[in-house]
Amino acid sequence: MAKLIISREGNVEQTVQLTKERMTVGRRRHNDIVLDHPTVSGEHAVVTTILDDSFLEDLHSTNGTFVNGQRVAKHILQDKDVITLAKYKIAFVADGIRPAAPAAAARIEVLNGRSAGKQLALSKALTSLGRPGVQVVVIARTPQGYSAAHTEGSEAPTLNGKPLSREPQRLADGDVLDLGGTQMVFRG
């Protein structure tokens with residue numbers, strides 16, 4: 001399991017195992033990782049871990065998020081990357097052990113429109129569907145199964161007729177996604 005080693009002014013303050021798929025970092029107490037310093041934003045960044053890949057995303061913080069000295073909006077973390085948030089240095093340590101993937105790859109099948117009947121195998125850890133800047137859904141494969149989350153666009157796509165959240169929602173065989181009028185069924 002990957003971990004973050006958090007230091008300030010050369011002193012290690014805490015070591016955090018990345019035990020959840022999504023872990024928030026910020027000054028406010030509701031974050032998974034609390035960094036108590038006024039130059040850290042209330043909700044500063046988020047680390048999303050899927051299988052053995054971890055992704056860092058800045059949450060429009062005031063002072064920015066840096067990896068190895070470069071300001072980033074989104075970044076795929078590599079072993080020994082150094083994240084800088086205000087006065088904190090955070091070392092990312094990967095474990096290199098990939099959990100077993102689900103036995104058979106699931107798929108998405110388009111139900112309507114010009115692409116009706118087309119199928120897309122969900123063979124990658126992350127699969128994006130939709131149009132960037134308009135409406136995007138990311139389907140994630142984890143050892144526990146598949147989940148979907150609304151990641152881009154002001155109008156939420158639907159899952160079984162209900163708005164899809166920005167938080168990952170578990171998918172079950174037969175679930176129907178509606179993305180800008182294109183309906184797709186999850187087969188898992």
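Tutor: Start with strand 16, residues 145–152, which pairs with strand 19 in the antiparallel sense over two bridges. Within this pairing, S147 is the residue that stands opposite R170 of strand 19. The model is a predicted one. The two strands belong to an open sheet of four strands, ordered 14-15-16-19, with antiparallel pairing. At the edges stand strand 14 (126–131) and strand 19 (169–170); each has a single partner strand, so one side of each has no neighbour in the sheet.

Another serine, S61, sits in a loop, the one between strand 6 (53–58) and strand 7 (65–67). S61 has a relative accessible area of 7% and is therefore buried, the cut-off being under 20%. A polar atom of the S61 side chain lies 3.0 Å from the backbone nitrogen of G64. Beyond its neighbours within four places in sequence, S61 is in contact with S41, H44 and R71.

As for the whole, the protein has 21 strands and zero helices. Its C-alpha atoms fill a box of roughly 60 × 35 × 25 Å along the principal axes. Of the 188 residues, 39% are buried. Among contacts with a separation of 6 or more, 33% are between residues 24 or more positions apart. The accessible surface comes to about 10,300 Å², and carbon and sulfur atoms account for 49% of that. There are 23 positive and 20 negative side chains, with the centres of the two sets 2 Å apart.

Technical notes
Residues numbered from 1 in each chain as written. Predicted model: local features only at pLDDT ≥ 70, side-chain atom pairs only at ≥ 80, totals over all residues. Heavy atoms only, no water. Pairing = 2+ DSSP bridges. Buried < 20%, exposed > 50% of the residue type's maximum accessible area, 1.4 Å probe, protein only. Polar contact = N/O pair within 3.5 Å; in protein donor to acceptor, adjacent residues only side chain to side chain. Contact = heavy atoms within 4.5 Å. Areas by Shrake-Rupley, 256 points an atom, 1.4 Å probe, with all protein chains shown as cover. Lys, Arg positive; Asp, Glu negative; His and termini not counted. Charge placed at Lys NZ, Arg CZ, Asp CG, Glu CD.
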